[in-house]
Amino acid sequence: MAVSGTLIRPNQYFSSCVNTPSPRFNPSCRKQFCLKASAGNTDGEERKLTRKEKDGGWKIEYTAEKPATPLLDTINYPAHMKNLSTQDLKQLAAELRMDIVHSVSQTGGHLSSSLGVVELSVALHHVFSTPDDKIIWDVGHQAYPHKILTGRRPKMHTMRKTSGLAGFPKRDESVHDAFGVGHSSTSISAGLGMAVARDLLGKNNNIISVIGDGAMTAGQAYEAMNNAGYLDSNLIVILNDNKQVSLPTATLDGPATPVGALSSALTKLQASTQFRKLREAAKSITKQIGGQTHEVAAKVDEYARGMISASGSTLFEELGLYYIGPVDGHNVEDLVNILQRVKAMPAPGPVLIHIMTEKGKGYPPAEAAADRMHGVVKFDPPTGKQFKTKSPTLSYTQYFAESLIKEAETDEKIVAIHAAMGGGTGLNYFQKKFPDRCFDVGIAEQHAVTFAAGLAAEGLKPFCAIYSSFLQRGYDQVVHDVDLQKLPVRFAMDRAGLVGADGPTHCGAFDITYMACLPNMVVMAPSDEAELMHMVATAAVIDDRPSCFRFPRGNGIGAVLPAHNKGTAIEIGKGRILMEGSRVAILGYGSIVQQCVGAANMLKTRDISVTVADARFCKPLDTELIKQLAKEHEILITVEEGSIGGFGSHVSHYLSLSGILDGPLKLRAMVLPDRYIDHGAPQDQLEEAGLSSRQISATVLSLLGRPKEALQFA
Amino acid sequence: MQTYGLTIPGADSRLYITPISAARPAPDPKPSSLPVFSSRTRFGSIKAKAATMNGAVTAEEKELSFYELLGIPESGSIKEIKQAYKQLARKYHPDVSPPGRVEEYTEKFIRVQEAYETLSDSRRRALYDQDMARGLHLAFSARRYQYDEGMEVKGDWKNRWQSQLSELKRRSSYKDDRQNMSWGARMRRQREGLADEV
């Protein structure tokens with residue numbers, strides 16, 4: 001009987017294959033046994049797992065209810081997976097898929113990347129034993145099956161929520177998460193480090209790095225492979241190739257072709273028919289030699305095998321990694337087979353296993369969507385329809401894209417560059433309008449910055465749209481290639497400040513600090529979407545030095561936009577006063593100004609009238625404004641959503657240099673605390689950081705000598 | 001010349017679907033290259049309609065390539081293919097064909113349909129172009145373009161990685177010989193040495 005014990009439950013009924021009459025039914029072939037296992041509910045709901053006959057695959061029906069997952073329920077840790085048979089593993093994969101779809105439909109998060117690696121996760125945990133063996137997931141957004149299989153299934157409903165599971169592997173969260181990731185292309189480097197440590201400590205575990213074809217476009221992956229090949233330490237690298245390099249994996253018009261020459265090389269790897277011909281040629285030679293010369297025939301075959309390597313794999317071979325593939329990444333049996341054999345070898349050295357997967361596999365709405373449902377909010381499982389909340393305003397990203405398009409319409413020299421984030425940076429819209437002026441360089445921030453520098457050196461006006469936290473990767477290029485030479489590259493840093501559910505790996509806390517300390521850089525930040533449009537225009541006219549502006553994740557506040565989305569350049573180094581008051585001045589930088597305004601309104605209810613100013617520029621500072629505020633007020637508070645060393649630091653430096661600090665002024669700087677803020681809802685994070693309106697009000701009150709009232713706010 | 005005659009169950013026994021002209025009433029003057037006819041050919045349901053063919057189609061027409069059938073150049077774009085298909089489909093659709101020539105038109109319609117299906121799918125078109133380049137003109141579904149190519153490709157892959165694994169095993173057995181001075185090899189020898197001592 002092909003039924004495993006876990007499928008039998010008292011309230012279940014199962015029938016043998018009656019609904020699909022099959023003339024090919026062969027009693028000796030177990031694969032064709034069709035099993036219907038369903039939990040009988042009183043309201044007659046059936047959650048079916050029906051096995052398809054033809055290829056032994058599972059057909060899944062997605063419903064809005066919690067799916068029945070009898071086998072997955074027995075797995076709490078990878079150790080429980082060791083004794084499963086191949087059929088069980090396939091069933092487990094199907095149940096995992098259902099669980100992930102169900103879970104992500106309730107919480108939102110990254111869906112299709114996880115679906116693509118279900119079989120791989122099952123195979124890895126079956127063959128290897130974490131936490132002794134280390135599995136490092138590059139980027140980590142595909143690690144949901146890994147988390148479910150390593151004991152975090154009960155907490156999946158808290159994914160990406162405050163105090164819940166992190167959206168990416170995190171060492172603090174579980175011993176099964178070998179390395180913290182979030183930025184891409186780090187897995188091979190980290191894996192190699194762990195492998196070398198293992199060798200030095202004389203241990204004997206396995207290290208596996210799982211990296212995608214998108215992450216493979218980053219230089220660090222090659223740096224790591226180059227080193228791995230040289231050191232020759234035992235290491236398994238799994239290249240998960242789903243032909244989706246950029247995010248979202250679609251332009252506005254449909255699926256995007258993978259960017260870069262590498263992708264076509266990877267494609268060639270699968271398509272080679274020469275291998276087959278070679279093998280057949282080898283076979284025919286053996287035949288001709290004849291049956292009597294067995295040894296010779298065997299040798300010929302062996303040498304033929306040795307000669308055979310897929311064309312194009314020489315790239316990896318040259319780097320020193322032994323290439324195996326392509327492999328069907330959705331075939332659990334094959335994956336287990338390969339992994340077991342590689343594990344059993346004493347000295348394989350670094351090995352690269354190239355698996356082909358499909359993003360969103362097994363969930364038809366994801367397979368059909370142009371962007372494959374990469375990142376989703378809550379959705380309806382049967383249809384895949386997302387429940388997107390309607391907002392009265394658009395996101396800052398969209399306003400940025402609109403105003404950049406407007407600028408580019410009148411100025412032909414404006415070009416845009418991004419690093420595989422067409423959707424996230426809004427440049428997909430720009431791409432649609434000006435396809436030849438938008439450059440997606442793949443996950444290569446360093447290259448993007450220097451590439452922009454090259455464009456600027458020849459007179460073009462490049463706008464580099466890179467997330468604040470990802471720009472960290474290209475920082476030396478910003479300093480050395482752009483700022484030192486004073487090339488007019490414009491940096492549009494999206495996702496500045498706290499970013500909510502993605503957590504500290506994506507948080508843009510440091511950009512004010514690292515940009516404003518550069519001698520030639522103009523550093524500005526808009527307080528709302530209209531200001532953002534004006535700053536895009538301002539950046540477009542700054543042609544003699546580099547400039548940057550930062551804006552947060554989230555939607556606009558509803559400010560009045562300039563006509564036709566065309567901003568006007570503002571005077572460089574000039575801030576503005578939003579509210580007039582006395583005794584206390586709050587000088588905000590960036591979108592946090594809105595929190596300052598909120599604080600001022602709260603204080604009004606206490607009959608305290610404070611001045612709120614929007615600095616707009618961190619470099620060059622509006623010294624007149626600061627001097628005026630210092631002269632007319634007793635207390636000056638600077639507020640920014642950035643780390644220490646940023647705006648507040650520049651203001652205090654100026655005040656001390658000008659001698660104002662020698663006087664009666666009370667100066668306080670409110671910055672992000674000296675620790676990483678965990679993922680959560682944006683409002684929770686702001687509170688955690690101490691920068692919400694009420695916390696600003698509380699600060700004011702305590703400075704005014706009214707600590708009791710401050711407590712009421714805090 | 002070998003003939004692969006395939007009788008369709010339930011059809012007249014003298015109706016053969018042949019890849020080349022051997023069984024046809026009219027001798028084929030054109031030199032046609034022998035196809036490598038795979039015994040794995042399968043006929044989908046649409047091909048069953050071909051049973052109605054009764055030799056009304058001329059020898060020349062059977063030799064038409066898909067491109068010639070649709071009347072487009074070999075470098076035709078998807079748009080051109082679509083246009084040609086639509087035109088011909090409208091012309092040859094059984095419902096609008098003149099009475100008495102229904103069977104002929106139906107057969108043409110089926111061919112046009114198949115031509116479109118093959119040429120509009122870039123993978124199948126590539127395969128078809130390849131075959132044509134090699135001089136193999138397999139008319140009318142003799143070549144199993146309909147077969148699940150995914151399975152064939154994956155079968156290829158499996159052969160390949162199995163060989164690769166064997167090769168890796170072979171290499172791995174002598175990888176840590178004295179001569180190999182890589183860091184990893186030295187560490188492994190050290191570890192093995194320690195293990196032996198223990």
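Just after helix α25 of chain A, G705(A) adopts a positive phi of about 85°; helices (H or I, at least four residues) and strands (E, at least two) are DSSP runs, numbered from the N terminus. The model is predicted, so local features need pLDDT of at least 70 and side-chain atom pairs count only at pLDDT 80 or more, while totals for chains, interfaces and linings use all residues. Residues are numbered from 1 along each chain as its sequence is written, chains are lettered from A and ligands numbered from 1 in the order in which they are written, and side-chain values use heavy atoms, with hydrogens and water left out.

Helix α25(A) itself spans residues 693-703 and is mostly covered, with eight of its 11 residues buried. Here, buried means under 20% relative accessible area, exposed over 50%, and partly exposed in between (1.4 Å probe, protein chains only). The buried set consists of S693(A), Q695(A), I696(A), S697(A), A698(A), V700(A), L701(A) and L703(A). An α-helix has 3.6 residues a turn, so residues three or four places apart point the same way. The partners against which the buried residues of α25(A) pack are the strands β23 (583-589), β26 (633-640) and β27 (666-670), together with the helices α21 (593-604), α24 (682-689) and α26 (707-713), in chain A.

Stepping back to the whole chain, the secondary structure of chain A comes to 26 helices and 27 strands. Of the 714 residues in chain A, 57% are buried. Among contacts (heavy atoms within 4.5 Å) in chain A with a separation of 6 or more, 74% involve residues 24 or more positions apart.

Strands count as paired if DSSP finds at least two bridges between them. Strand β19 (residues 490-493) of chain A runs parallel to β21(A) and is joined to it by four bridges, with F491(A) standing opposite C548(A). Strand β20 (residues 522-524) of chain A also pairs with β21(A) in the parallel sense, over three bridges, and here V522(A) stands opposite S547(A).

T397(A) belongs to helix α14 (residues 396-410) of chain A and is buried, with a relative accessible area of 9%. Beyond its neighbours within four places in sequence, T397(A) is in contact with G424(A), T425(A), G426(A), D494(A), R495(A) and F551(A). Two of these contacts can be described at the level of side chains. The side chain of T397(A) makes a polar contact of 2.9 Å with that of D494(A) and another of 3.3 Å with that of R495(A). A polar contact is a pair of N or O atoms within 3.5 Å; within protein, one must be able to donate a hydrogen and the other to accept it, and residues adjacent in sequence count only if both atoms are side-chain atoms.

H102(A), in helix α2 (residues 86-107) of chain A, is buried as well, with a relative accessible area of 12%. Its contacts outside the four neighbouring places in sequence are with A64(A), E65(A), K66(A) and P67(A).

Turning to the interface, chain B and chain A bury about 3300 Å² between them, 55% of it on carbon and sulfur atoms; buried area is the accessible area (1.4 Å probe) that two parts lose on being put together, summed over both. The contact takes 29 residues from chain B and 41 residues from chain A. Between the two chains there are three salt bridges, a salt bridge being a side-chain nitrogen of Lys or Arg within 4 Å of a carboxyl oxygen of Asp or Glu. One of them links R188(B) to D232(A), with the closest N and O atoms 3.2 Å apart. The count of residue pairs in polar contact between chain B and chain A is 10 (both at pLDDT 80 or more). On the side of chain B that touches chain A, α7 (149-174) and α8 (183-197) of chain B each supply at least two residues, and the largest share, 19 residues, comes from α7(B).

N234(A) is buried, with a relative accessible area of 13%. The side chains of N234(A) and R188(B) make a polar contact of 2.6 Å, and the side chain of N234(A) reaches the backbone nitrogen of G349(A) at 3.0 Å.
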